[in-house]
Amino acid sequence: MKYNIVTLQLLAAAAAISNNGGVCAFTTSSTTQHPAISSSTAQNGVRKGSVMASGGFGKTAAGSGMSKGKKGMKKKSRKAPSYELKSGTKIQDVLNPDIFADPNTVETIKTQIRNGEICVIRNAFIPEFANAMYEELDDTDAWSKNEDYFNDGYGFKHNNVYSKSDFSPLFLQANEMFETEETKEFMSELTGRDCSGESVGAPSYYEVGDHSLPHTDHVGQRSVGE
């Protein structure tokens, strides 16, 4: 079975990562201006066929396996976000039309990914979706610290929510969005990879000092990490 692993960050960022070495990061930053695409050749020890990925899914090889459990953060309660993803919503519905409605821009993104380059798309999502996701994930007290290191040099340290019972309503809706055929077809066309398999997701939260060292995000038949 082919798997497309989804990791939505606390800042409502997503990365579409192809195993041909291309990295396409979808970010939501209010401080950057359009044109929103920047590119650079993979560097800093990241080889062709490997990518920089922000993960919530550890490797299966033996590591030190440290997990600190739930953080139990006390936060001021907020009203539920007003934004909702209706059944059948596809990723194209929440992408910034100022960027993705331009065929030339989309073609540039595709070319950079398939050429094994790093492609950063700033302000990729519509603000209503990005802000609502941020608020829901910021409100949760279910984060657990996960940290592990491996003999091949890979290591990670970050916070995650792995239990679906702890997922926020909007995050559950986002997972359903990634399961739609329209979303999978869009990601397949964008990355040049087969994204027809199951989609699995969990949120990650990086504090100061947290990290994921370079890795491909390739587990089993996973084709794209978002």
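Hi everyone. A word on the model before we look around: it is predicted, so local features need pLDDT of at least 70 and side-chain atom pairs count only at pLDDT 80 or more, while totals for chains, interfaces and linings use all residues. Residues are numbered from 1 along each chain as its sequence is written, and side-chain values use heavy atoms, with hydrogens and water left out.

Let's start with strand S8, residues 155-160. Strands here are DSSP runs of E with at least two residues, helices are runs of H or I with at least four, and both are numbered from the N terminus. How many of the residues in S8 are buried? The count is 5 of its 6, so the strand is mostly covered; buried means under 20% relative accessible area, exposed means over 50%, and partly exposed is in between, using a 1.4 Å probe and protein chains only.

Now for its partners. Two strands pair if DSSP finds at least two bridges between them. S8 pairs with strand S7, residues 144-149, in the antiparallel sense over 6 bridges, and there Asn146 has His158 of S8 as its bridge partner. This hairpin has 5 residues between the strands, and Gly153 takes a positive phi near 100°.

S8 is also joined by 2 bridges to strand S11, residues 211-212, again antiparallel; here Phe156 stands opposite Ser212. With strand S10, residues 204-205, there are 2 antiparallel bridges, and Asn159 stands opposite Tyr205.

On to the nonpolar core, meaning a set of buried Ala, Val, Leu, Ile, Met, Phe, Trp, Tyr and Cys residues joined through side-chain atoms within 4.5 Å. The largest one has 34 residues, and Ile91, Val94, Phe100, Phe125 and Phe129 touch the most other members. Among the elements that each supply at least two residues of this core are helix H2 (103-114), strand S6 (117-121) and helix H3 (127-139). Take Val94: leaving aside neighbours within four places in sequence, Val94 is in contact with Tyr83, Leu85, Ala124, Phe125, Ile126, Phe129 and Met177, where contact means heavy atoms within 4.5 Å.

Last stop: strand S6, which holds Ile121. Why does Ile121 count as buried? Because its relative accessibility is 0%. In the loop between S6 and H3 you will find Asn123, whose phi is positive, near 55°, in a residue other than glycine. Most residues other than glycine have a negative phi.
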